[in-house]
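Here's a quick walk through a few local features. Have a look at the model first, then read on.

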Amino acid sequence: MKPPICLLAIDIDGTLLNPEFQISQADMAALRRAHSEGVEVIVVTGRRHTFALPIVQQLGFDLWVISSNGAITRSLAGETFHRDLLPAGTCRRLCVHMREFRGNTVLTFDTEAKGAIVLEHMNELNVSIQRWLEKNLQYIDFVIPIEDSLASDPVQAMFCGPIARMQQTLAALAASGLEKNITVLRTEYPARDLSIVDVLNQGCSKGHALERWADFRGIPREQVMAIGDNYNDIEMLAFAGVPFIMGNASEELRRNGWTVTLSNDQNGVAAAIEQVLGVRFL
C-alpha cells in the first residue's frame, strides 16, 4: 500500500534529538521504516551543514539536508541543490547597525575550513553556546571588526545569548531599516536560557527551502509531513500538509492548530510517524 505521505521533513534539535542530544532507538526505527516504505526523509535544521552531518549520518541511509534554516540544501555526499546567501553589503550594514551586540554576533560562511565561523571574541558567548563553540573550534576565526571578514557573501549572521538579551536584539533588528533585505528567525531554549536569532537573506526560511525541494521532487504539499519544535520551524510547519509540533514545544507554538505529538524525551518523532503510517514503534 502506498504511504499517505511522500516527503518527511524533520528538525534536529529539540525534535530528532532527545535532551541527551541523542536519537532514540524508537525514533531511529521509525525513520528507517518510513524510508524503507518509500517516504523521502529530508532533515531541515538551523545547524550548519557540517555540524548536522554527525547526527544525520546515524540514520544509515542517503538523504538531503536543508541546513542553516533554509540557506543551504545539500546531499550527504556534498552535492549542492540550492544556496540562498546573505549579500555581503547587507551584512555589513547589519553589523554596523548592531554594533551594541558585537559580543553576541557570529557570522557563518559556506566553507569547511577555518573561517567558516567568524566572531570577534568569545567573552559573551561561552556560557550560552559553549558546547557548540567547542565542537566547532577548528572552523572558528576571530576578526575585529567582524565586518572585515566579509570578502564574500556569508550564509547568515547569528546573535546568541540569554533570552532577555536576544529580545533586545530583536528590537534593534526591527529598527534597523533592513526589513526588506533580511529574514529574522529565532530559536529559544528556555531551560537553558538560550536564544539564537538568525539573520538570513530576505525570504529565506526552512519553509521556503522545503517548498522549493517539494516542487523539485514534484510532491504536492498535501503529501509533505513536517515535525518541529521551535519558532524557526513555523514556516516549515505552515507549508506542510501534515504538520506535527513536538510536545516539548512552547505553549505559544502549540496553539497554532498543528497536531501535537509526544515530547523529544518520549520518542515524539516515532509517535508522529506511527500516527501517519499506522505502524507501531513504541
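## Around E147

Setting aside neighbours within four places in sequence, E147 is in contact (heavy atoms within 4.5 Å) with R92, C95, V96 and R102. E147 itself sits in the loop between β8 (140-142) and β9 (156-161); strands here are DSSP E runs of at least two residues, helices H or I runs of at least four, both numbered from the N terminus. E147 counts as buried because its relative accessibility is 14%, with buried meaning under 20% relative accessible area, using a 1.4 Å probe and protein chains only.

This is a predicted model, where local features need pLDDT of at least 70 and side-chain atom pairs count only at pLDDT 80 or more, while totals for chains, interfaces and linings use all residues. Residues are numbered from 1 along each chain as its sequence is written, and side-chain values use heavy atoms, with hydrogens and water left out.

## The R102 side

R102 is found in the loop between α4 (88-97) and β6 (105-108), and it's buried too, at a relative accessible area of 12%. Its side chain makes a polar contact with the side chain of E147 at 3.1 Å. That term means a pair of N or O atoms within 3.5 Å; within protein, one must be able to donate a hydrogen and the other to accept it, and residues adjacent in sequence count only if both atoms are side-chain atoms.

Beyond its neighbours within four places in sequence, R102 touches C95, V96, E120, P145, I146 and E147.

Strands β4 (residues 72-75) and β5 (residues 80-83) pair in the antiparallel sense over three bridges; pairing takes at least two DSSP bridges. R74 has T80 of β5 as its bridge partner. The two strands form a hairpin with four residues between them, and G78 in the turn has a positive phi of about 100°.

Definitions and conventions:
Buried < 20%, exposed > 50% of the residue type's maximum accessible area, 1.4 Å probe, protein only.
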